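Dear colleague,

Please find below the structure that I promised to hand over, together with its sequence. My notes on what was found in it follow directly after.

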Amino acid sequence: MLETLRERLQAHRPRQLDAAFPQAAVLLPLVARREPTLLFTQRTDHLSSHAGQVAFPGGKREPEDRDLLATALRESQEEIALAPANVEIVGRLGDLLSLHGLRVTPYVGIIPPDLALTPEPGEIAAIFEVPLAHFLDDRRTHTDVIPVDDREWFVPSYEVDGRIIWGLSAMMLVELLAVGFASSVSLAQPPAGGELRYHPQRGRRTTR
């Protein structure tokens, strides 16, 4: 399964947003278990932004970062003590624009199981894994319908042990599933069934 992922991501040509936006990067860590899992973090409740939210490790690019991959790896080490040497980068996904106007670039990495990861207590409340099968089986609780310009995005929302995976993280997940595992889950089309929750219009995204 993970070997196929490597091949497909290496052939993938992800979309790029306008470089004028402030930059950030995240890492989507796939844990190489017999049944692969995805690793997530949950933010602490006292943060000024994204408090309590589930996310992939990552953050804003700093001046010392040579590129956005370096940003993703540095943030992962700072947030959960994931050493860059333990990450096999297998590709990247398309840029996304956050509600805060950040251009977020996702990288996909494979990590060994059972690493001694430690959450940074000022920022991360928990580190947890979710079986990849949970997403491949499309076990969404509902779909958020987000209009951007003249089109609607159908973003799945997942609940795992009381934690909600939604928004930007879910959008990254959909591309990972579609490109890496030939999943039929799509942001462009509504699911066959289930609840749709509509959200206000969002601003324009510039791609190249």
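A salt bridge, as the term is used in this email, is a side-chain nitrogen of Lys or Arg within 4 Å of a carboxyl oxygen of Asp or Glu. The model is a predicted one, in which local features need pLDDT of at least 70 and side-chain atom pairs count only at pLDDT 80 or more, while totals for chains, interfaces and linings use all residues. Residues are numbered from 1 along each chain as its sequence is written, and side-chain values use heavy atoms, with hydrogens and water left out.

Salt bridges

By this rule the count comes to 15 salt bridges. In one of them the side chains of Arg103 and Asp95 meet at 3.8 Å, N to O. Arg103 is buried, at a relative accessible area of 7%, and Asp95 is likewise counted as buried, at 3%, where buried means under 20% relative accessible area, exposed means over 50%, and partly exposed lies in between (1.4 Å probe, protein chains only). Asp65 and Arg74 form another salt bridge, with an N to O distance of 2.8 Å, and both of these residues are buried. Arg197 and Glu195 are also paired, their closest N and O atoms being 3.0 Å apart; here Arg197 is partly exposed at 39% relative accessibility, and Glu195 is partly exposed at 41%. Salt bridges that share partners also join Asp65, Arg74, Glu75 and Glu78 into one network.

Helices (H or I, at least four residues) and strands (E, at least two) are DSSP runs, numbered from the N terminus. Helix 2 covers residues 68-80, and its end C-alpha atoms are 18 Å apart, in agreement with the 18 Å that its 13 residues should span at 1.5 Å a residue, the expected span being 1.5 Å times one less than the number of residues. Ten of the 13 residues are buried, so helix 2 is largely enclosed by the rest of the structure.

Glu79, which lies in helix 2, is buried with a relative accessible area of 1%. Leaving aside neighbours within four places in sequence, Glu79 is in contact with Arg43, Pro57, Gly58, Thr118, Pro119, Glu120, Glu123 and Ile124, contact meaning heavy atoms within 4.5 Å.

Packing of helix 1 and helix 4

Helix 1 (residues 2-11) and helix 4 (residues 167-181) pack at an angle of about 100 degrees, with their axes 8 Å apart; axes are lines fitted to C-alpha atoms, for helices over the stretch in contact, and angles run from 0 to 180 degrees between N-to-C directions. The two helices are therefore roughly perpendicular to each other, given that angles under 35 degrees count as roughly parallel, over 145 as roughly antiparallel, 65 to 115 as roughly perpendicular and the rest as oblique. Helix 1 contributes Thr4, Leu5, Arg8 and Leu9 to the contact, and helix 4 contributes Leu176, Val179, Gly180 and Phe181. By class, this contact has five nonpolar, two polar and one charged residues, with Ala, Val, Leu, Ile, Met, Phe, Trp, Tyr, Cys and Pro counted as nonpolar, Asp, Glu, Lys and Arg as charged, and the others, Gly among them, as polar.

Individual positions

Most residues other than glycine have a negative phi. Ala81, however, has a positive phi near 60 degrees; Ala81 sits in the loop between helix 2 and strand 5 and is partly exposed, at 39% relative accessible area. Asp114 also has a positive phi, of about 60 degrees, although it is not a glycine, and its place is in the loop between strand 7 and strand 8, where Asp114 counts as exposed at 63% relative accessibility.

His134 belongs to helix 3 (residues 132-136) and counts as buried at 12% relative accessibility. Not counting residues up to four places away in sequence, His134 touches Arg139, Tyr158, Glu159 and Val160. Asp137 lies in the loop between helix 3 and strand 9 (142-148) and is partly exposed at 48%. The C-alpha atoms of Asp137 and Ser183 are separated by 9.0 Å, although these residues are 46 residues apart along the chain.

With best regards
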